[in-house]
Amino acid sequence: MAAEKWVYMVTAQTPTNIAVIKYWGKRDEVRILPVNDSISVTLDPDHLCTVTTVAVSPSFDRDRMWLNGKEISLSGSRYQNCLREIRSRGGDVEDKEKGVKIEKKDWERLNLHIASHNNFPTAAGLASSAAGFACLVFSLAKLMNVEEDPSQLSAIARQGSGSACRSLFGGFVKWKMGSKDDGSDSVAVQLADEKHWDDLVIIIAVVSSRQKETSSTSGMRESVETSLLLQHRAKEVVPKRIVQMEEAIKNRDFASFTQLSCTDSNQFHAVCLDTSPPIFYMNDTSHRIISLVEKWNRSEGTPQVAYTFDAGPNAVLIARNRKVAVQLLQGLLYYFPPKSDTDMKSYVVGDNSILKEAGLDGENSVENLQPPPEIRDNIGSQDQKGEVSYFICTRPGRGPVVLPDQTQALLDPETGLPK
Amino acid sequence: MAAEKWVYMVTAQTPTNIAVIKYWGKRDEVRILPVNDSISVTLDPDHLCTVTTVAVSPSFDRDRMWLNGKEISLSGSRYQNCLREIRGRAGDVEDKEKGVKIDKKDWEKLHLHIASHNNFPTAAGLASSAAGFACLVFSLAKLMNVDEDASHLSAIARQGSGSACRSLFGGFVKWEMGSKDDGSDSIAVQLADEKHWNDLVIIIAVVSSRQKETSSTSGMRESVETSLLLQHRAKEVVPKRTLQMEEAIKNRDFASFTQLSCADSNQFHAVCLDTSPPIFYMNDTSHRIISLVEKWNRSEGTPQVAYTFDAGPNAVLIARNRKVAVQLLQGLLYYFPPKSDTDMKSYVVGDNSILKEAGLDGANSVENLQPPPEIKDNIGSQDQKGEVSYFICTKPGRGPVVLPDQTQALLDPQTGLPK
């Protein structure tokens, strides 16, 4: 029989997510089991997403992967664990039209081609691993007709990158730390979907960073090994915050949501500082943004904007509604104006319809901004050009989806190679 | 009888100190009792000190004080507590030559003139309150012939400013937190004098700060009220570190001294970050200095330089010996060169004989500096002029002394008014 040449593929899109109760520290480095629960908000994949095409063919002689156009190695344990776990759950697949018939037992000897693409720069520090591994697992599950639900799939994605498990759902997601040694109960569950609290608007300030940052993986390991505050956080502080955050989300209680998000972000960074050697993810620009938000919230009496920072200087700001988001953007652009001759549409990306609402779509509109009345003094002068590379305007978003449109596939349907 | 016009005065000099196991948080705001022990190094008053002249005369109609030439109010509780406590312990004084005779009971109705002067700028964030209150109490104790030892006097100085109690001794000092409600056992004791470990050289980088900083007093109160990590630090971490630090000092164990100083400084700043609203005392320049030192220590295998930061961005760097201090200074001047046309003698003050040893006393000597081999990359470029205002080179130093020389008095011996 002539070698079969069919190529069977699936393309999927997965969102990224931002933790509001942070994951920092593993109790098991191999299975990627955390020392505490975490909770996240899934971001709208229209603005930030990973697209992955996975293909299988008898003509492929080995597993191969391309990330953002560049071939990468799949030999690392994280990829190997995900591939092994998903393959063992592969089901029967039949596509009569294409002449494709795969039985459950065939998966272990068939090779895969994987092409993945982030629509945001890796250097921006926007958690590309989370979206990437979630997309890998989700798309392979679709390809292989895996029968598991998203929580069960999340346990596989978790083994690629801890926070990836939370990208298997839209809206508000909790990663339960679990207690079993084998990690089968360390899974993500959805707390509420993306429509539950759709007033929220998210503005991300991508902050210029002069430093190469400590990777999350090594950073959290150093924290577990050397921070004398980490265990106290994990055992005493986070469990209570998780319960309170679940309540806040359920009740759309923005004041509590803000208080919990901000304090947990700061405590995560405090643990990083308590590490040996100390890890500084936030920089002076991050601090200025925090001061701006803290002052504003206090002057309004009730919080308007929550902030959270991951393992990098970028600020993720969550505004209670569109009107507040517009004011926030005006304040941010006042303190962090673009360099001269910058096109505003490249300085505020994502949902940039907000520029018009903020009166910032015309020429010289930034120069005409007034300092926000509540937040003067001590934030420093207006002349801090270049501190922020750009802003992204987005919102809570949906979970992974299959993209049925062939034009969005990243691999050629004939060859199975990158287009 | 004609009004007596004699003026009786004493002038004293007191050092400042830098904590290596930090005091941050009070259990009693009125008596200034801390939540944990602290340990400090006294700095050489030749370079950083407060000089205070205290005078008493029947012709003075009220207590008055001048600080750095400007009259200030003594009505605050801290000054009132110190004055009351020291007056309550006054003894008999007689100076036949001047015709001065004061009985113990007279002190409560006699008034004082106090003039105090720091030889370093208050804005430099170099703990002027500590030196100031220590000097006030010490000089008044000498004036009033108070029969208390230095530890007893420290309990009075403590009520002016907590860290002032540690400036009643030279060398290495511990402030025992005490357990009594009345604070009578919350006192400073000397662990070792300034000759005990006189290899150490201290370089302070006075870092430019754009922000007005949160005062220590309000900052630590906010930390006590809002940080969920502070109590754990105070109860679990600091007691062990205090014991280890006492051992390290006793044995001149520089590696342990460094590990403890750096970890405790970072943990103090971690607790500040864990406060609501978060407090950022260190800035990007502070972080760059830490990175430089951490990399150097790791590349040498055994620590060469310890760092510690108080409630501000200034770096206090403690080098294990003179040779290391010279290398450290060269490294610092490479990464933080002075602005053009700066006189090196105003850029490195204190013991600036170190400039010659570092080959940095000639013109253009900074431009000729080579990057230190161990600490390249990731510290950023050399072009960070102006980040550091200046450096101070000093060492561990002696405790308070009386200055018998009348020319050093800050008050006129006839009028009792500032010269």
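Visitor: How many residues does the contact take from chain A and from chain B?

Guide: Contact means heavy atoms within 4.5 Å. Here the contact takes 32 residues from chain A and 32 residues from chain B. This is a predicted model, in which local features need pLDDT of at least 70, side-chain atom pairs count only at pLDDT 80 or more, and totals for chains, interfaces and linings use all residues. Residues are numbered from 1 along each chain as its sequence is written, and side-chain values use heavy atoms, with hydrogens and water left out.

Visitor: What area is buried between chain A and chain B?

Guide: Buried area is the accessible area (1.4 Å probe) that two parts lose on being put together, summed over both. Between chain A and chain B it is about 2800 Å², and carbon and sulfur atoms give 57% of it. In chain A, the residues that lose the most area to chain B are A:Leu229, A:Leu273 and A:Phe280, together 19% of what that side buries.

Visitor: How many salt bridges are counted between chain A and chain B?

Guide: A salt bridge is a side-chain nitrogen of Lys or Arg within 4 Å of a carboxyl oxygen of Asp or Glu. The count between chain A and chain B is zero.

Visitor: Is A:Ile289 buried or exposed?

Guide: Buried means under 20% relative accessible area, exposed over 50%, and partly exposed in between (1.4 Å probe, protein chains only). A:Ile289 is buried, because its relative accessible area is 0%. Leaving aside residues up to four places away in sequence, A:Ile289 touches A:Ala205, A:Val207, A:Ala315, A:Leu317 and A:Phe336. The C-alpha atoms of A:Ile289 and A:Ala315 are separated by 7.5 Å, although the two residues are 26 residues apart along the chain.

Notes
Chains lettered and ligands numbered in written order.
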